[in-house]
Each structure stands twice: as structure tokens, then as C-alpha cells.
Amino acid sequence: MATRLCRKLVLIWTFRAAAYSHLDCGRSPVYHQLRDKQPKVFLFRNLCSRHEQNSEPTAGQRPAGREEMLSSLVDMGFTQTQVEALARRALSSRTEHAVTQHLSVLSALVALGFNPSSVMMMLDTCPDLYQVKGALLQQRVDNLRKLGLVEGGLQRAVRRYPQLLTMPIKRVNGVSRFLRDRCHLTTQQVAGVLRDSPAVVLEDMDRLEYKFQYAYFRMGIGQAEMVKSGLFRVSLEEVRCRHGFLERRGLYQTPDKKGQTRIVNPKLKDFLAIPEDAFLSKVAVATGEEFEVFRKLMEREIQEEEEPEFSNSDEEDEEDNESEDRGSAGYRRRKRK
């Protein structure tokens with residue numbers, strides 16, 4: 001009797017295990033999809049419940065649109081904290097248009113290859129990105145690609161300076177044309193400047209040209225080294241200050257007409273694109289106090305240069321104008337390097 005009962009229980013357990021295994025295998029694709037979606041579903045429900053508790057429905061803001069935004073942000077991979085911050089900003093305007101606008105910007109940035117953390121960082125750095133329409137943002141991205149910013153370099157420039165996507169296409173193209181025509185950079189070199197020094201699009205054209213001329217004529221630096229060393233990422237005042245400090249300490253000489261010097265000048269990237277303490281200890285071999293005193297003297301000299309000079313002699317004015325014209329003509333005759 002006991003043996004018969006044991007056999008019966010074994011058969012029952014065997015059939016039950018086989019049935020459960022069959023059912024699990026039969027629904028495994030759907031089961032795995034639901035299991036993968038569970039974190040997103042729970043996150044979405046939590047966000048919706050939190051927002052419903054903290055906000056009141058208005059006439060211009062439908063719950064359906066609100067839920068659609070939260071769902072979209074979750075699908076893009078944003079964390080709960082990030083979604084809450086983005087939703088709070090978009091829904092604070094209480095208009096459906098603002099929600100759609102924010103979603104279009106976020107979608108465009110994610111499609112450009114940025115992860116959610118990078119998107120949040122760029123939006124914190126440049127809140128004006130929220131106001132750029134998705135179609136216009138895409139046009140500006142396409143224009144940057146036409147200027148030579150390929151994948152990788154494009155993302156690097158935008159991540160470093162998100163304001164690049166808020167600038168009108170006309171302005172960006174104008175700076176690009178200026179670098180080619182007045183600074184004699186090649187198309188590839190212009191793309192390098194936009195990639196590594198994107199803030200150049202906001203720089204004053206006259207100061208930009210003066211910085212180029214100072215590096216080219218006063219320091220004897222060619223265009224290729226300017227781009228490689230990040231010259232256009234450093235202010236004109238800092239370029240003049242560091243170069244002048246080295247020059248007066250006998251550590252830098254302006255090359256002659258043949259491009260030769262009596263000493264070996266340090267490379268531009270070795271004293272310009274480094275922190276000040278490294279510049280003083282490794283290149284200038286000086287103290288911070290000495291450099292600070294020189295900086296104040298240089299600022300005074302620059303201020304005196306920028307002050308208008310008045311002369312009682314019309315002949316002196318004409319001579320100055322003629323010399324400026326000759327200098328400009330000589331500069332225009334320079335060829336690209």
C-alpha cells in the first residue's frame with residue numbers, strides 16, 4: 001500500500017513539473033519581455049504618482065501628455081532623479097507646447113549620441129538649449145558637419161561648448177569664413193579649431209585677427225602649430241602675457257626672416273596649453289610673485305596701447321595711415337601654410 005502511494009506521488013510530481021516547464025517555455029518570450037520592462041514600468045508608475053501628488057491639473061496641461069513625456073524620458077534611459085528634474089522644468093510652464101519642445105531637444109541630443117548624464121550636464125551648462133526647436137537644432141548640427149566636424153569631433157565640440165547649438169548658422173559660418181580668409185587656415189584646420197576651441201564663435205573678430213597676427217608675426221608661429229596648440233582657446237591677454245614673460249627672461253626669441261633663432265624656443269603647446277603653476281616651474285623657471293608683477297605691468301602696457309592718441313600734426317596721421325596700409329597689404333600677401 002505504501003509502495004503504491006509513493007509511486008502515485010512520484011507520478012503526480014513528475015507530470016506537474018513537466019506541465020510547469022511546458023507552460024514556462026511556451027510563454028518565455030513574453031515573460032522575458034515583461035521581466036525586462038518591469039524596472040521601467042515601476043519607475044514610470046512611481047513618477048506618475050509622485051507628480052500627481054505634487055501638482056494640480058490645469059486647463060492647458062493634460063495628464064495624457066504628462067504621462068507621455070515621463071514614459072519617453074524613461075525609454076531614453078534617464079534615471080528617476082533625472083526624469084524628475086527634467087519633468088519639473090518642462091511642466092513648470094504648464095503648457096503642452098513646452099513639453100513637446102523639451103522632448104524634441106532631448107530626443108535630438110540623445111540621437112546625436114549623448115548619454116543621459118552628458119545631456120543633463122549640457123542642459124545645466126546651457127539652459128538656452130531648451131528654447132531651440134528640434135528642427136532648427138538639427139539644421140545647426142547638419143551645418144557643423146558641412147564645416148568638417150565629423151562624428152566624434154562633432155560630439156566633442158558640442159559637449160565642450162553646448163552654446164554652439166544655440167548660435168545662428170550665419171554667425172558660425174561667418175567665423176569659419178573669417179578663419180579661412182583672414183587667418184589663412186585650411187578647411188581642415190578650421191574644423192580643428194571648431195572642434196577643440198568652439199568658443200571661438202563668440203570672439204570679437206578684430207581681437208581674433210590681432211591674436212592671429214601676434215602669434216604669426218611676433219612669435220613666428222605657423223597656422224598648423226596654432227591649431228594644434230589650442231591658441232584660439234586662450235585669451236589674447238594670456239598669450240601676450242606668457243610670451244612676453246618668456247621673452248624678457250631671454251627664453252623666447254622672434255625668428256628672423258629665415259625663421260631662425262639663436263636659442264631653441266619652447267613649443268607653443270608646451271607653455272600655453274598648461275596650467276600657470278606648470279608654466280612657471282617647468283618653462284619660465286620663476287615664482288608666482290614675479291609673474292604677477294609682470295602681469296600687472298603688461299596690463300598697464302596694453303591699456304596704454306588701447307588709449308586713443310591725439311596728434312597736432314596731420315602729416316603724422318597720414319604717415320601712420322600709410323604704414324598701417326602697408327602692413328595690412330603685406331599681411332594679405334601671406335600664403336597659407
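Guide: Helices here are DSSP runs of H or I with at least four residues, strands are runs of E with at least two, and both are numbered from the N terminus. The expected span of a helix is 1.5 Å times one less than its number of residues. This is a predicted model, in which local features need pLDDT of at least 70, side-chain atom pairs count only at pLDDT 80 or more, and totals for chains, interfaces and linings use all residues. Residues are numbered from 1 along each chain as its sequence is written, and side-chain values use heavy atoms, with hydrogens and water left out.

Visitor: How many helices and strands are there in the chain?

Guide: The chain has 17 helices and zero strands. Of its 337 residues, 37% count as buried, where buried means under 20% relative accessible area, exposed over 50%, and partly exposed in between (1.4 Å probe, protein chains only).

Visitor: What span does α9 reach, and what is expected?

Guide: With 13 residues, α9 reaches 18 Å from its first C-alpha to its last, close to the expected 18 Å. For α11 (residues 205-218), the 14 residues reach 19 Å, close to the expected 20 Å.

Visitor: Why are α9 and α11 called roughly parallel?

Guide: The two helices pack at an angle of about 25°, with their axes 11 Å apart. Because angles under 35 degrees count as roughly parallel, over 145 as roughly antiparallel, 65 to 115 as roughly perpendicular and the rest as oblique, α9 is roughly parallel to α11. The axes are lines fitted to C-alpha atoms over the stretch in contact, and angles run from 0 to 180 degrees between N-to-C directions.

Visitor: Which residues make that contact?

Guide: Contact means heavy atoms within 4.5 Å. On α9 the residues are R171, G174, V175, F178 and L179, and on α11 they are M205, L208 and E209.

Visitor: What makes E203 buried or exposed?

Guide: E203 has 17% relative accessibility and therefore counts as buried. This residue lies in the loop between α10 and α11. Residues up to four places away in sequence apart, E203 touches R171, L208, K211 and F232.

Visitor: What joins the side chains of E203 and K211?

Guide: They are joined by a polar contact of 3.2 Å. The term denotes a pair of N or O atoms within 3.5 Å; within protein, one must be able to donate a hydrogen and the other to accept it, and residues adjacent in sequence count only if both atoms are side-chain atoms. At the start of α11, a side-chain oxygen of D204 also reaches to within 3.1 Å of the backbone nitrogen of D206.

Visitor: How do you know whether H184 and V285 are buried or exposed?

Guide: H184, at 11% relative accessibility, counts as buried, whereas V285 is exposed with a relative accessible area of 57%. H184 is placed in the loop between α9 and α10, and V285 in the loop between α15 (276-284) and α16 (288-306). Neither is a glycine, yet phi is positive: about 60° for H184 and near 50° for V285.
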